Amino acid sequence: MTPTDQKNDHLAERVFERIESEHVTPRPRWEFIAKNYLFWALGALAVALGAFAFSATLFEIENVDWRLSAATHPNFFSFFLAAAPFIWIVTLALFIFIGYVNVRRTKHGYRYSLVVIALGAVLTSLTLGIGLYAIGFGGMLDETIGTHPPFFRPILVEERSWWLAPEKGLLVGQVEKVAEDLSSFTLRDFLGRMWEINGSNLRGPDLTVVARGGVVRIVGLPVQENLPASATSSVFHACFVFPWEIRGGLGNRQPPPPLAAIASTSEKNTATVRNDVCKNIRPYQRLRSIDESGL
Amino acid sequence: MPTEMTDEEIVRRTLLDKETFVLLIERYEAKLGRYLERLGVGIPEDREDILQNAFIKAYKNLNSFDPTLAFSSWMYRIVHNEAMSFFRSKHARPQIILNEESEILITELQDDSADASLLAEERLSRKELTRAFVTLPQSYRDALTLRFFEDRSYAEMSDILQVPVGTVSTLLYRAKRALRSALPKTFSS
């Protein structure tokens with residue numbers, strides 16, 4: 001018998017001595033059960049929060065008009081930096097990671113591979129996120145949470161700021177009143193200013209948007225006219241009008257266009273005859289093709 | 001006391017009568033002592049301290065024992081974790097000396113080798129094998145020790161090391177490859 005074995009002969013005795021002297025007792029079962037459920041709950045909560053973040057990510061992606069980036073930004077890269085929902089993507093990744101860590105710490109969490117848990121967390125977050133986005137939660141979250149962190153602006157607020165730049169030929173606002181022949185209309189921008197919009201250069205697709213009403217985005221030129229001092233609105237020459245529909249929100253459907261009014265302007269439906277004023281705006285050809293294909 | 005009881009039965013009884021726990025200690029102390037030696041806890045007193053701590057921890061956490069696992073896997077896990085804490089707290093390097101284990105490892109490496117005759121001719125000394133073995137990362141040594149010295153199944157290793165079964169196979173594959181490349185060139189080629 002080796003010295004080790006001799007010592008081990010007394011191991012049980014020594015263990016019991018310590019159990020007695022240190023008053024060791026088995027921890028109650030409920031503690032372990034509660035701990036296990038807690039990790040599952042934290043994992044599930046993190047994945048759910050990841051889903052919220054994904055719904056907001058989807059909302060931002062859906063509501064950023066990538067095709068009009070050339071009108072609002074000097075190049076696509078600057079547009080991407082301004083528009084990509086980095087904060088929500090980081091939030092999504094963070095919560096998925098927290099979910100993964102918590103599931104790994106459950107009783108049998110170690111049996112699942114990194115790929116299985118990570119993929120499960122990602123897919124659950126994405127699926128739930130799509131559902132939340134579909135019921136309009138993404139937009140609500142983006143608007144609600146977005147107003148609080150100082151370094152972040154909700155995408156709709158951000159986009160409004162891009163389009164509220166008449167000096168750059170960009171305008172966004174609510175169509176208030178439309179002339180019968182659709183040659184002009186009144187617009188209230190998001191700062192509450194009234195604009196008289198000259199629509200003489202607008203073509204069929206633009207006029208459809210105007211006739212439909214609601215919130216529109218205009219690419220054109222501010223007109224420097226000698227307005228009387230009593231004038232309450234500025235004048236803007238519209239070259240292109242695009243709708244601004246909020247996707248992924250609740251109850252944002254706009255009324256169908258008044259078909260009769262559009263029909264009466266059918267002679268303008270050929271998009272070839274805009275005058276030189278509009279042809280000088282940047283990027284004319286791109287906007288024309290978007291206008292014709294419809295947003 | 002009936003010693004033919006299963007481990008799980010003893011655990012159940014221990015929760016009612018702590019004296020029964022002695023059966024588990026007696027059943028596992030030698031096996032776990034050898035395991036600690038193979039992990040590199042060279043000093044007998046250290047091994048006994050680790051075993052004491054491990055059994056007390058096991059007793060304290062008996063209610064967390066999952067009967068769907070083998071009790072031995074659970075106990076090995078506790079001892080393994082205690083040994084790792086010991087190395088960390090003492091800043092100690094494992095003192096590994098392969099004895100009869102070296103034969104098992106050589107056989108295993110021969111089985112996997114394309115040229116077994118070369119290995120047979122080029123018998124490795126225990127010293128050479130030990131030297132190569134200690135250069136392996138801890139996770140590789142753990143995997144080889146459990147699989148070839150402790151004769152544990154992949155599922156048991158998964159429960160002891162708390163990694164998925166797939167990771168166990170990967171660890172073993174990489175550990176054997178690393179061991180071969182750590183051996184003298186005539187052997188590893």
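How many salt bridges are counted between chain A and chain B?

Tutor: The count between chain A and chain B is 3 salt bridges. A salt bridge here is a side-chain nitrogen of Lys or Arg within 4 Å of a carboxyl oxygen of Asp or Glu. Side chains of opposite charge can pair when their charged atoms come close.

Some ground rules come before the details. This is a predicted model, in which local features need pLDDT of at least 70 and side-chain atom pairs count only at pLDDT 80 or more, while totals for chains, interfaces and linings use all residues. Residues are numbered from 1 along each chain as its sequence is written, chains are lettered from A and ligands numbered from 1 in the order in which they are written, and side-chain values use heavy atoms, with hydrogens and water left out.

Start with the extent of the interface. On one side, 26 residues of chain A are in contact with 30 residues of chain B, where contact means heavy atoms within 4.5 Å. The two chains bury about 2,700 Å² between them, and carbon and sulfur atoms give 60% of this area. A:Leu11, A:Phe16 and A:Tyr110 supply 23% of what chain A buries against chain B, more than any other three residues. Buried area is the accessible area (1.4 Å probe) that two parts lose on being put together, summed over both.

Next come the polar pairs. Across the interface, 10 residue pairs are in polar contact, with both residues at pLDDT 80 or more. A polar contact is a pair of N or O atoms within 3.5 Å; within protein, one must be able to donate a hydrogen and the other to accept it, and residues adjacent in sequence count only if both atoms are side-chain atoms.

By type, the residues of chain A that touch chain B divide into 11 nonpolar, 5 polar and 10 charged. Ala, Val, Leu, Ile, Met, Phe, Trp, Tyr, Cys and Pro count as nonpolar, Asp, Glu, Lys and Arg as charged, and the others, Gly among them, as polar. Helices (H or I, at least four residues) and strands (E, at least two) are DSSP runs, numbered from the N terminus.

Now take individual salt bridges between the chains. One of them joins the side chains of A:Arg14 and B:Glu48, at 2.6 Å from N to O. In another, the closest N and O atoms of B:Lys18 and A:Glu20 are 2.7 Å apart. This pair crosses from B:Lys18, in the loop between helix H1 (7-16) and helix H2 (21-39) of chain B, to A:Glu20 in helix H2 of chain A. B:Lys18 is partly exposed, with a relative accessible area of 27%, and A:Glu20 is also partly exposed, at 43%. Buried means under 20% relative accessible area, exposed over 50%, and partly exposed in between (1.4 Å probe, protein chains only).

The interface can be set beside the rest of the model, which holds 15 salt bridges over all chains. Within chain B, B:Arg13 and B:Glu9 form a salt bridge, with their closest N and O atoms 3.4 Å apart. Both residues lie in helix H1 of chain B, 4 residues apart, about one turn of the helix. B:Arg13 is partly exposed at 37% relative accessibility, as is B:Glu9 at 25%.

A further salt bridge in chain B pairs B:Glu82 with B:Lys57, the closest N and O atoms being 2.6 Å apart. It links distant parts of the chain, as B:Glu82 is in helix H4 (residues 71-90) and B:Lys57 is in helix H3 (residues 44-60), 25 residues apart. B:Glu82 counts as buried at 11% relative accessibility, whereas B:Lys57 counts as partly exposed at 41%. Elsewhere, salt bridges that share partners join B:Glu9, B:Arg12 and B:Arg13 into one network.
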